[in-house]
Amino acid sequence: MKLIRFGEPGREKPGILLNDGTRVDASGFDTGGKCDYDEDFFASNGLTRLRSWVGTHSNAAPRVPASVRLGPPICRPSKIVCIGLNFRDHAAESKMEIPKEPVIFFKATTSLVGPNDPLVIPKNATKVDWEVELAVVIGKTALYVSEQDALNFVAGYVLHNDYSERSFQLERGGQWVKGKSADTFAPLGPFLATADEVADVRQLAMWLKVNGDSRQKSSTANMIFDVPTLVSYVSQFMRLLPGDVISTGTPAGVGLGMNPPQYLRAGDVVELGIDGLGDSRQHVVARRD
C-alpha cells in the first residue's frame, strides 16, 4: 500500500494512493473518525487492518482531488533519527572521515512538513543546503533487535529531504541538531510505501535537482551501513516506537561540497525523488517575520 495524508496543515486526514494514481479518503477506516497514521495506528496492527479495509471499501470511498495538498504521510512521530556521513562520497566532499560506526543525530519533529510545502529560510540563515535521503518508518517497538530480524520491524519507506543550515550545524558549536531542525526542514512524502511495495531497498536510485540542474544522483546501493544494520544499531541505544523515522543519509552533491559551496536562496526550486517512492518539490521562500 501507499499511505498518504491530505488537507490543510495540522488538519490532515488519512488516505491511500492506488496503483492507478487515484487518491482515496481512508477516514472511514476508523468508524470513530479518529484514525491517523500515528504511533497507535502502527502499534495496533493498523497496516493489516487498513489493507483489509482497502480491499472491501476502496471502490466506494470518497476520492481526493489531485489539487488537494499532501501532508507528511505519517503523523508527527516520537522522534526523527538521522544518520550522518552514510555515503563515502558525501563524507569525502564534507572533508570528514569515513565513520567506523553509524553517526546518529536527531531532527526536531516540528520540522516535519508535506512533500511539496515551501522551504522557509530560517532567521539568520546563510547556508541552507539540500540532502535527498531514504527514510525508514518503524512498524513496531524495536529495542536490541538483531540485524537478521531488523526488517521485520520496518513498516515502510518514504522520500525525505534532510535540509540543513550548515553555519548552524558546523560553525556554532555543539551538536548537528541545531542545523537540522528549523521549521519546514523535513519534507516527507509524497507517500509511505509499505515494505512489501519495495522489492529491494538496497537498489533504489535517488536524485535531486536545484532549479532544474542535477545535484545528486546515486543509489542506496552506495550506503556504508544498510537499512538492517541501521535499524539494529539505533535500537541498541534507544527504544524505537511505532511510527518513528530513521533517515539513512545522503550521497555526494550537496551545496557544501561544491567548489565554491552553493546554498539555497529565496526563489530557488528543489526537486527530488527515489525509485518507487515518488518525487517531491519545494519552492524556497524567505521568512516573513
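Asp196 and Arg51 form a salt bridge in which the closest N and O atoms are 3.2 Å apart. Asp196 belongs to the loop between strand 14 (192-194) and strand 15, and Arg51 to helix 2 (residues 46-57), so this pair ties together parts that are 145 residues apart in sequence. The model is predicted, and its salt bridges number 15. The points below treat selected charged pairs and then the nonpolar cores.

**Asp196 and Arg51: accessibility**

- Asp196 is exposed, its relative accessible area being 55%.
- Arg51 is partly exposed, at a relative accessible area of 36%.

**Arg69 and Asp117**

- A salt bridge joins Arg69 to Asp117, with 2.8 Å between the closest N and O atoms.
- Arg69 is located in the loop between helix 2 and strand 4 (70-71), while Asp117 is in the loop between strand 7 (112-113) and strand 8; the pair therefore ties together parts that are 48 residues apart in sequence.
- Arg69 counts as buried because its relative accessibility, 19%, is under the 20% limit.
- Asp117 is buried as well, with a relative accessible area of 12%.

- Asp162 pairs with Lys107 in a salt bridge whose closest N and O atoms are 2.4 Å apart.
- This pair links distant parts of the chain, with Asp162 in the loop between strand 11 and strand 12 (164-165) and Lys107 in strand 6 (residues 103-107), 55 residues apart.
- Asp162 is buried, with a relative accessible area of 0%, and Lys107 is buried at 2%.
- Through salt bridges that share partners, Lys107 and Asp162 belong to one network with Asp129, Glu131, Arg166 and Lys180.

**Nonpolar cores**

- In soluble globular proteins, nonpolar side chains tend to be buried together.
- The largest nonpolar core in this model comprises 52 residues.
- Leu134, Tyr157, Val231, Ile246 and Leu264 are the residues with the most contacts inside this core.
- Two or more residues of the core come from each of these elements: strand 1 (2-6), strand 5 (80-84), strand 8 (119-121), strand 10 (132-138), strand 11 (154-161), strand 15 (205-210), helix 5 (227-235) and strand 18 (269-274).
- Another core, of 31 residues, lies apart from the largest one, and among its members are Leu3, Phe29, Leu85 and Ala186.

Terms used: Residues numbered from 1 in each chain as written. Predicted model: local features only at pLDDT ≥ 70, side-chain atom pairs only at ≥ 80, totals over all residues. Heavy atoms only, no water. Core = buried A, V, L, I, M, F, W, Y, C linked by side-chain atoms within 4.5 Å. Buried < 20%, exposed > 50% of the residue type's maximum accessible area, 1.4 Å probe, protein only. Helix = DSSP H or I, 4+ residues; strand = E, 2+ residues; numbered from the N terminus. Salt bridge = Lys/Arg side-chain N within 4 Å of Asp/Glu carboxyl O.
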